[in-house]
Amino acid sequence: MAKKSKKQQSAGTPATVALTAAGVPFTVHSYDHDPSHPSYGEEAAEAMGVSPERVFKTLVADVDGVLTVAVVPVAGQLDLKALAAAVGGKRAAMADPALAERTTGYVRGGISPLGQRKRLPTVVDQSATRHGTVCVSAGRRGLEVELSPGDLTELTSATLAPIGRA
């Protein structure tokens, strides 16, 4: 069960609400977001003192006309061909950022795979299973949640596949 610290209660994003409602253990990490940092994910890893291989970014792609969520380590990139293959598609491209924000209910740099406005097909890079816990956005810049890869996969109904590349 998640410990209800004041820090978590103040977080109150759709992602943390979804985790709490599911009774999944998680930890909230907050840090001061620097808008001038070139990478939201790498900034999160540095600020939390966590290996970039354990911090995952949430990207929204268009796979054959269907918005699809890809969760990959911040230390690498999304392999669009592998994402398309993982969901049985032919072609994938990054989604329009404004459409991704409207559909998920989150802003770029704070899109969480959890608690999205509209549930989208989700694929988590299989490297997540190498770690006891991983960190993903909690729904706003400067806020991350740490949870087990199994819980992340289960709560998002995700497919595990090799969609990341170094």
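## Basis of the description

Because the model is predicted, local features are taken at pLDDT of at least 70 and side-chain atom pairs count only at pLDDT 80 or more, whereas totals for chains, interfaces and linings use all residues. Residues are numbered from 1 along each chain as its sequence is written, and side-chain values rest on heavy atoms, with hydrogens and water left out.

An open sheet is built from three strands in the order β1-β8-β7, with antiparallel pairing; helices (H or I, at least four residues) and strands (E, at least two) are DSSP runs, numbered from the N terminus, and two strands pair if DSSP finds at least two bridges between them. Since β1 (27–30) and β7 (134–140) stand at the edges with a single partner strand each, one side of each is left without a neighbour in the sheet. Neighbouring strands here are turned against each other by 35 degrees on average, direction ignored, where axes are lines fitted to C-alpha atoms, for helices over the stretch in contact, and angles run from 0 to 180 degrees between N-to-C directions.

Between β1 and β8 (residues 143–147), which run antiparallel, there are four bridges, and H29 has E144 in β8 as its bridge partner. Helix α2 (residues 14–22) lies across β1, β7 and β8, and runs at about 25 degrees to β8.

T13 belongs to the loop between α1 (6–11) and α2. The residue is buried, with a relative accessible area of 4%, buried meaning under 20% relative accessible area, exposed over 50% and partly exposed in between (1.4 Å probe, protein chains only).

Leaving aside neighbours within four places in sequence, T13 is in contact with A138, G139, R140 and L143, contact meaning heavy atoms within 4.5 Å. A polar atom of the T13 side chain lies 2.4 Å from the backbone oxygen of A138.

## The five-stranded sheet

A second open sheet has five strands in the order β5-β2-β3-β6-β9, and its pairing is mixed. Its edge strands are β5 (92–94) and β9 (159–161), each of which pairs on one side only. In this sheet, too, neighbouring strands are turned by 35 degrees against each other on average, direction ignored.

The strands β2 and β3 pair in the antiparallel sense over eight bridges, and the partner of V60 in β3 is V69. Two residues lie between these strands in their hairpin, where D64 takes a positive phi near 50 degrees. Three bridges join β2 to β5, again with the strands running antiparallel; V63 is bridged to A92, and D62 to A93.

Within helix α5 (residues 97–104), A100, T103 and T104 are buried. Seen down the axis of α5, the buried residues fall within an arc of 85 degrees, so they line one face of the helix; the arc is that of the directions from the helix axis to the C-beta atoms. These buried residues of α5 pack against β2 (56–63) and β3 (66–73), and just after the helix G105 takes a positive phi of about 85 degrees.

## The annotated span

An unreviewed UniProt entry lists residues 42–154 as "domain: YbaK/aminoacyl-tRNA synthetase-associated"; such annotations may be inferred rather than shown by experiment. In the model, this span is 25% helix and 33% strand, and its end C-alpha atoms lie 25 Å apart.

Methods: A polar contact is a pair of N or O atoms within 3.5 Å; within protein, one must be able to donate a hydrogen and the other to accept it, and residues adjacent in sequence count only if both atoms are side-chain atoms.
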